[in-house]
Amino acid sequence: MDSASPLPCICLAGPTASGKTAASLAIAEALQASRPVEIVSVDSALVYRGMDIGTAKPSAAEQALVPHHLLDLIDPLQSYSAARFVADATRLIGEIRARGHTPLLVGGTMLYFKALFEGLDEMPAADPTVRAELDALAQRGGLAALYAELARVDPPTAARLKPADSQRIQRALEVYRISGKPLSAWHSDKPVRATPALISLEPQDRAWLHQRIAQRFMQMLDMGLVDEVKGLMARGDLNPDLPSMRCVGYRQTWEALEAGDLSALAERGIAATRQLAKRQITWLRSMPQRQVVACDAADATSRAVHLAVAAARDLPP
């Protein structure tokens, strides 16, 4: 696949709780007779082993219906990047097509979709010395000191990031200190290569999605989310600043357990998930090639299947 060619796959995106799993299984069933589907997860949380409830990972029964990839790849102590996703997804698309099957990329990590469609800038690798300097600055002046420095040296990136996003603030400063160029300067304008069909599940009524988010978070609590996080904490080698433990639901549960007060967990977890969904929808709206399906419509699944079947016909043999 060169930079001018479409990626020979079908993509299904949407915010959390929009019905992506059900739609993906329906698409796989519809295409089974012509060209079997294999699902490639586009989700930065599903890569972690032992994190099943809070990530709404497809069940064993669902995974048995259709082959799934990029689930349970790494331990929560490790990290996974957009660059690694692009490499893994590109390899899998080729392997799946070599088997005569259709790759269906499904998820809600919009940065991964964007990186796959547009490519990534080659930024400096992490530097332990610079990271230690930034850690020391944070210890002296708190996260506010890091954010203030970022606002001084890279105003566009500071405006884009939340003041509490310690991981991305530190990385942006690290890039600046290593290269002398602000992170925003590395994001060069690149022509978007011809992208595959992108089916986007988006609600017409946000209240519908908010209700689904609340119901699903309460179901996660009933299924044992608190015990799942207790088990992760009991390992002793994880901490709340790791990317895995910063995932929505896990971070709020960890903080509630540390505080010894679970009374506000549901409220905080639901609010954080709603914020995640809002960010996901904003990302999707920046992708003009997407084909929108109203996920709160009664015929949402059938409409998604119809678009996927049409897209499958356009895939090269």
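**Exercise 1. Surroundings of Lys20**

Find which residues Lys20 is in contact with, leaving aside its neighbours within four places in sequence, and state whether Lys20 is buried or exposed.

Solution. The model is a predicted one.
- Step 1: With neighbours within four places in sequence left aside, the contacts of Lys20 include Leu12, Ala13, Gly14 and Pro15. Val106, Gly107, Gly108 and Leu201 are also in contact with Lys20.
- Step 2: Lys20 has a relative accessible area of 14%. Buried means under 20%, so Lys20 is buried.
- Step 3: Lys20 sits in helix 1, which covers residues 20-31.

**Exercise 2. The annotated site**

Identify the residues that UniProt lists for "binding site", then classify the accessibility of Thr21.

Solution. 
- Step 1: The UniProt entry, which is unreviewed, gives Thr16, Ala17, Ser18, Gly19, Lys20 and Thr21 under this heading.
- Step 2: Thr21 is placed in helix 1.
- Step 3: The relative accessibility of Thr21 is 29%.

**Exercise 3. Aromatic pairs**

Determine how the rings of Phe85 and Tyr112 are arranged and which parts their pair ties together.

Solution. 
- Step 1: The count of aromatic pairs is 3.
- Step 2: For Phe85 and Tyr112, the ring centres are 4.8 Å apart and the planes are at 15 degrees. Planes under 30 degrees apart count as stacked, so this pair is stacked.
- Step 3: Phe85 belongs to helix 3 (residues 82-98) and Tyr112 to helix 4 (residues 110-118), so the pair ties together parts 27 residues apart in sequence.
- Step 4: Both Phe85 and Tyr112 are buried.
- Step 5: Tyr80, Phe85 and Tyr112 are linked by ring pairs into a cluster.

**Exercise 4. The contact between the domains**

Describe what domain 1 and domain 2 bury between them, and find the side chains that meet in a salt bridge.

Solution. 
- Step 1: Domain 1 comprises 7-120 + 190-314, and domain 2 comprises 128-185.
- Step 2: Taken over C-alpha atoms, the centres of the two domains are 29 Å apart. Domain 1 gives 4 residues to the contact, and domain 2 gives 4 residues.
- Step 3: About 330 Å² is buried between domain 1 and domain 2, with 24% of it on carbon and sulfur atoms.
- Step 4: Pro243, Arg246 and Arg279 lose the most area in domain 1 to domain 2, together 75% of what that side buries.
- Step 5: Between domain 1 and domain 2 the count is 1 salt bridge. The side chains of Arg246 and Asp165 meet in a salt bridge at 3.4 Å, N to O.

How values were computed: Residues numbered from 1 in each chain as written. Predicted model: local features only at pLDDT ≥ 70, side-chain atom pairs only at ≥ 80, totals over all residues. Heavy atoms only, no water. UniProt positions renumbered as here; feature names shortened; annotations may be inferred. Helix = DSSP H or I, 4+ residues; strand = E, 2+ residues; numbered from the N terminus. Buried < 20%, exposed > 50% of the residue type's maximum accessible area, 1.4 Å probe, protein only. Contact = heavy atoms within 4.5 Å. Phe/Tyr/Trp six-rings, centres within 6.5 Å; stacked < 30°, edge-to-face > 60°. Domains from an automatic or database assignment. Buried area = accessible area lost by both parts, 1.4 Å probe. Salt bridge = Lys/Arg side-chain N within 4 Å of Asp/Glu carboxyl O.
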